[in-house]
Amino acid sequence: MIARLASSLAKREWTSASRIPRAFQPTRSSESASMSSRRQRTIARPVLIEGFGLFGGADVRMSLLPAEPHTGLVFERVDLPGRPSIPARIEYLVTQPRRTVLQKGSARVEMVEHVLAALAGMWIDNCRIQLDALEPPIGDGSSLESVEAILHAGVAEQAALKVQVPVSASLVATSPNERGSIQAEPASNWTIRYDLDYGDTVIRPQSFTATITPEEFVREIAFARTFVLESEVAMLKARGFGQRATPQNLLVFGQNGIVENRMRAADECARHKLLDCIGDFALCGGCPVGHFHAIQSGHHLNHGIVEQMLQKRPSQRRSA
Ligand SMILES: [Zn+2]
């Protein structure tokens, strides 16, 4: 019996970054343990989220299920013959603009970064993510629905120690136009700083720094929503994407500010970009340990630094 969520967090009125009701706050026992000594975690029981995908707009049911130690995070396309699995690992990455896409054989999943961020941010090491369509549900454009599902399901500690993927040397990934970069340095835990500068737009320069623990993810990061410029919406819809996107599931910035919505925090955009980093870094196949400084980075650079961490050359990546 899979619990079906009656979403309450996503429908909350957000006025500040105080954010998560006490009843939804995770237990602190495993968070107080140092990252190096903690055990692997899964969810305690299955849970279901229903909705539709942002890019393609298809209805979708996403079930999160407990998984054995060392399973990792694994997608399953239950609508396809044989219910093929697609591990959330960088070797299955397919390069596509504006989202993270994975493919194994002919089975593909798209825009997986927000559910991966929820799982990695909450230190869920092992989980089967069943989808009956191409994309997870977009929810309100943040990771809140997935967080709520995980908290609803509960967290179960497992006997095995977690798999660390440390940054073992100074690394840097830089975009071709050199506007964006990510530096990674060895550290004793997982921290990310994100600096955002959209130049001459209504989105002001902003920065956010976080240590990635379940408590901090739930409280400070999970609520931050996907955002676009109004001019980009027209371009994307002209290409057939985002037909069901509205200013309520996609934060839209027009020339005079945010369209038909309100910010949940003044630096919500930087927090969302940091959320994307968490989801993308999870493709390393374990828990990243290091300090990451991202400047104006997107999925391509996020994936690039993971490849460097694993000492894989970008040429191994497949294109669509
Ligand atoms: Zn995102």
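How many of the 14 residues of helix 5 are buried? Keep that in mind while we look around; this is a predicted model.

Start with the whole protein chain on screen. It holds six helices and 21 strands. Colour by burial and you'll see that buried residues account for 45% of the 320 residues. Now draw the contacts: among those between residues at least 6 apart in sequence, 75% link residues at least 24 apart.

Next, select residues 268–281. That's helix 5, with 14 residues, and from first C-alpha to last it reaches 20 Å, close to the 20 Å expected at 1.5 Å a residue. Back to the opening question: 14 of the 14 residues are buried, so helix 5 is largely enclosed by the rest of the structure.

As general background, nonpolar side chains in soluble globular proteins tend to be buried together.

Zoom in on Leu 274. Leaving aside residues up to four places away in sequence, Leu 274 touches Ile 192, Tyr 194, Phe 208, Ala 210 and Ile 221.

Last stop: select helix 1 (residues 113–121) and helix 2 (residues 144–153). Their axes come within 8 Å and cross at roughly 40°, which means helix 1 is oblique to helix 2. On the helix 1 side, show His 114, Val 115 and Ala 118; on the helix 2 side, Ser 146, Val 147 and Ile 150 complete the contact.

Note on methods: Residues are numbered from 1 along each chain as its sequence is written. This is a predicted model: local features need pLDDT of at least 70, side-chain atom pairs count only at pLDDT 80 or more; totals for chains, interfaces and linings use all residues. Helices (H or I, at least four residues) and strands (E, at least two) are DSSP runs, numbered from the N terminus. The expected span of a helix is 1.5 Å times one less than its number of residues. A residue is buried if 20 or more other C-beta atoms lie within 10 Å of its own, exposed if 12 or fewer, and partly exposed in between; C-beta atoms are placed from the backbone. Two residues are in contact if their C-beta atoms, placed from the backbone, lie within 7 Å. Axes are lines fitted to C-alpha atoms, for helices over the stretch in contact, and angles run from 0 to 180 degrees between N-to-C directions. Angles under 35 degrees count as roughly parallel, over 145 as roughly antiparallel, 65 to 115 as roughly perpendicular and the rest as oblique.
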